[in-house]
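What follows is an explanation of a single structure, to be read with the sequence and the coordinates at hand.

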Amino acid sequence: MITSTRRVSPDKSEVRIAFSLDDTSDVKDVEDISQTFPDLEQRLQPVPPCVSLRESVQVYKEHCRMAREFHQVKHEIAVLEDRKRKLLAELVEDEKVAMEIARLEEEFRRLTEENRTLVTVHNERAQQLERLCPTGRTSTQMSV
């Protein structure tokens, strides 16, 4: 265990720093980690720790964990944005289908009304024809 005590200025209290070179449990883990994070800007990449300082190793590990979490969140955002794009495309397609259905319903309504009008006119003309030629039509139908 190495301990150092320093006074930064006469009016400040002493600062004590202590570390051990014997406890290397954290250091072993760091030696196995040679990670790079391509999603991060160079200035945000984890800086390899000073392996003789436990705090440095812990900060490095935490930084790597946050970088992995950042990568995961960035991937999830990309997946969600892709899903959003697909859903918007489906929505546009659904709106087109809804507009076509509305157009076809309107056309059906218009044609149904036109058919009703034509049937009414046909019936009226048939009645007129029968009034104008009551005997000619009946005799023609009987001889056939």
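Glu113 and Arg116 are joined by a salt bridge in this predicted model, with 2.9 Å between their closest N and O atoms. Both residues belong to helix α2, where three positions, or about one turn of the helix, separate them. Glu113 has a relative accessible area of 38%, a value that lies between the 20% limit for buried residues and the 50% limit for exposed ones. Glu113 is therefore classed as partly exposed.

Elsewhere, shared partners link several salt bridges, so that Glu62, Arg65 and Glu69 form one network. Arg65 takes part in both of the contacts described next. In one of them, the side chain of Arg65 meets that of Glu62 at an N to O distance of 2.4 Å. In the other, Arg65 pairs with Glu69, and here the closest N and O atoms are 2.9 Å apart.

Where do these partners stand along the chain? Arg65 and Glu62 are three residues apart in helix α2, which means that about one helical turn lies between them. Glu69 and Arg65 are also placed in helix α2, four residues apart, and this spacing is again about one turn of the helix.

How accessible are the members of this network? Arg65 is partly exposed, with a relative accessible area of 36%. Glu62 is partly exposed as well, at 35% relative accessibility. For Glu69 the relative accessible area is 42%, and this residue too counts as partly exposed. In total, the structure holds ten salt bridges, among them the pairs described above.

Glu95 has a relative accessible area of 44% and is partly exposed.

The cysteines may be considered next. How many disulfides does the structure hold? The number is zero. Cys64 is buried, with a relative accessibility of 1%, whereas Cys133 is partly exposed, with a relative accessible area of 35%. The 1% value of Cys64 is under the 20% limit, which is why this residue counts as buried.

The overall architecture can now be set around these details. The protein chain contains three helices and two strands. Along the sequence, these elements follow one another in the pattern β-β-α-α-α. The chain has 144 residues, of which 9% count as buried.

Note on methods
Residues are numbered from 1 along each chain as its sequence is written. This is a predicted model: local features need pLDDT of at least 70, side-chain atom pairs count only at pLDDT 80 or more; totals for chains, interfaces and linings use all residues. Side-chain values use heavy atoms; hydrogens and water are left out. Buried means under 20% relative accessible area, exposed over 50%, partly exposed in between (1.4 Å probe, protein chains only). A salt bridge is a side-chain nitrogen of Lys or Arg within 4 Å of a carboxyl oxygen of Asp or Glu. A disulfide is a pair of cysteine sulfur atoms within 2.5 Å.
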